[in-house]
Amino acid sequence: MEWLPTLWFIVIAILWCGYLFLEGFDLGVGMLIGLGKSTEKRKRLLLNTIGPVWDGNEVWLLTAGGATFAAFPHWYASLFSALYIPLTIVLIALIFRAVAIEYRGKAITALTRRAWDLALGLGSLVAAFGVGAMLASTTLGLPLNENGDRIGGAFAWLTWHAVLGGVAVVAFCWIHALAFLRLKTDGPVREEAGKLVGRWLPVAALPMLLWALWVLANNNSTLAWVCLALSVVALIAAGVMGRSGKEGKSFIALGVMLLAAVAAIFVAAYPVVLPSTLDSAFDLTVDNASSTPYTLKLMSIVAAFGVPLVLAYQAWSYWVFRKRLREEHIPETHHVTSIVK
């Protein structure tokens, strides 16, 4: 089954699209809570908008990494060993972020609460930048030799295209969070988010489009150019519908902009999964980096049953918690006295 490696390349691209779309807005909300200036009640409101879904969104990251490990072990080995330091930092950032979400409400003093806010904001920012840098590296290249080993020092991965990818994901997460808050909240938060989206949407989306253009410049593909054109159209539609008060359609259009841009990147990169900046002969492709046909066949059978269940459960959770929130819904801060002595 020679088509299975291509199928799993598409599946992994879809998993990354799902992660950036779903985790994008809650990483952005984390940045707004930890690095923005808001009242305590407003921060709690923002946290409540992502409270029921943020940990479920991270499943997409774990699944994308696991699928890469199982379907393309050579891709996984070269990428993760070359990016060992930045991915370790991303992992630490995600840990700080998760702990901060759980523990900021248990802080007794304003100082400790502020510390948890910083952990949440910086953890979200570093995680978003690291994921963007990693994806840019896997689409634009790392200094790999014929064995798939990185050449250069520990920071050989820190290139201009890695920085662009990091900035692109951070900027998208920020604007995506504001679009999400327009959809999920009511009152002053909704109004302020709408103003910021209307003002900064083109600027925040520009790095993502530049990243896609960079990949397309190195790998010309008609289908990729079509996807990029669709991304630009969706961006324009998001702005127009946002100004006319159609917040739901604007949010969906912004998501289409992301999905089309990421699709353009992966379509242009295919069949290379990890290019070498030293010599194109050292590139890892869907053929020389994939697992055996038996492994891919078994994975496909399991995924055919497991993925629909996960999608159904996550869709149900979003439906259950679909109502808008206002600051009036958030109770005043109060201390709880433990009955345990």
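Is Arg-42 buried or exposed, and at what relative accessibility? At 16% relative accessibility, Arg-42 counts as buried, where buried means under 20% relative accessible area, exposed over 50%, and partly exposed in between, with a 1.4 Å probe and protein chains only. The structure is a predicted model, in which local features need pLDDT of at least 70 and side-chain atom pairs count only at pLDDT 80 or more, while totals for chains, interfaces and linings use all residues. Residues are numbered from 1 along each chain as its sequence is written, and side-chain values use heavy atoms, with hydrogens and water left out.

A salt bridge was defined as a side-chain nitrogen of Lys or Arg within 4 Å of a carboxyl oxygen of Asp or Glu. The search of the whole structure returned 14 salt bridges. In one of them, Arg-42 is paired with Glu-192, and the closest N and O atoms are 2.9 Å apart. This pair links distant parts of the chain, with Arg-42 in helix α2 and Glu-192 in helix α9 (residues 188–218), 150 residues apart. Helices (H or I, at least four residues) and strands (E, at least two) are DSSP runs, numbered from the N terminus. In contrast to the buried Arg-42, Glu-192 is partly exposed, with a relative accessible area of 40%.

Glu-40 pairs with Arg-104, at 3.0 Å between the closest N and O atoms. Glu-40 lies in helix α2 (residues 40–50) and Arg-104 in the loop between α6 and α7, 64 residues apart, so that distant parts of the chain are linked. Glu-40 is partly exposed at a relative accessible area of 23%, whereas Arg-104, at 3%, counts as buried. Lys-43 forms a salt bridge with Asp-117, the closest N and O atoms being 3.1 Å apart. Here the link runs between Lys-43 in helix α2 and Asp-117 in helix α7, 74 residues apart. Both Asp-117 and Lys-43 are buried. Elsewhere, a network of salt bridges links Arg-182, Asp-186, Arg-190, Glu-247, Arg-324 and Arg-326.Two packed helices are described by the angle between their axes and the distance between the axes. The axes of helix α7 (residues 110–140) and helix α8 (residues 160–184) come within 7 Å and cross at roughly 135°. Axes are lines fitted to C-alpha atoms, for helices over the stretch in contact, and angles run from 0 to 180 degrees between N-to-C directions. Helices α7 and α8 are therefore oblique to each other.

A nonpolar surface patch of about 580 Å² is made by Tyr-84, Ile-85, Ile-89, Val-126, Phe-155 and Leu-158. Patches are made of residues with over 30% relative accessible area and no salt bridge, like charges being joined within 9 Å and nonpolar side chains (Val, Leu, Ile, Met, Phe, Trp, Tyr) within 5 Å. Helix α6 (residues 84–103) gives the most to the nonpolar patch, with three residues. Ile-89 lies in helix α6 and is partly exposed, with a relative accessible area of 43%.

The peptide bond from Tyr-270 to Pro-271 is cis, with omega near 5°. Pro-271 is found in the loop between α11 (247–269) and β1 (272–274), and Tyr-270 lies in that loop as well. Tyr-270 is partly exposed, at a relative accessible area of 37%.

Technical notes: Areas by Shrake-Rupley, 256 points an atom, 1.4 Å probe, with all protein chains shown as cover. Parallel < 35°, antiparallel > 145°, perpendicular 65-115°, else oblique.
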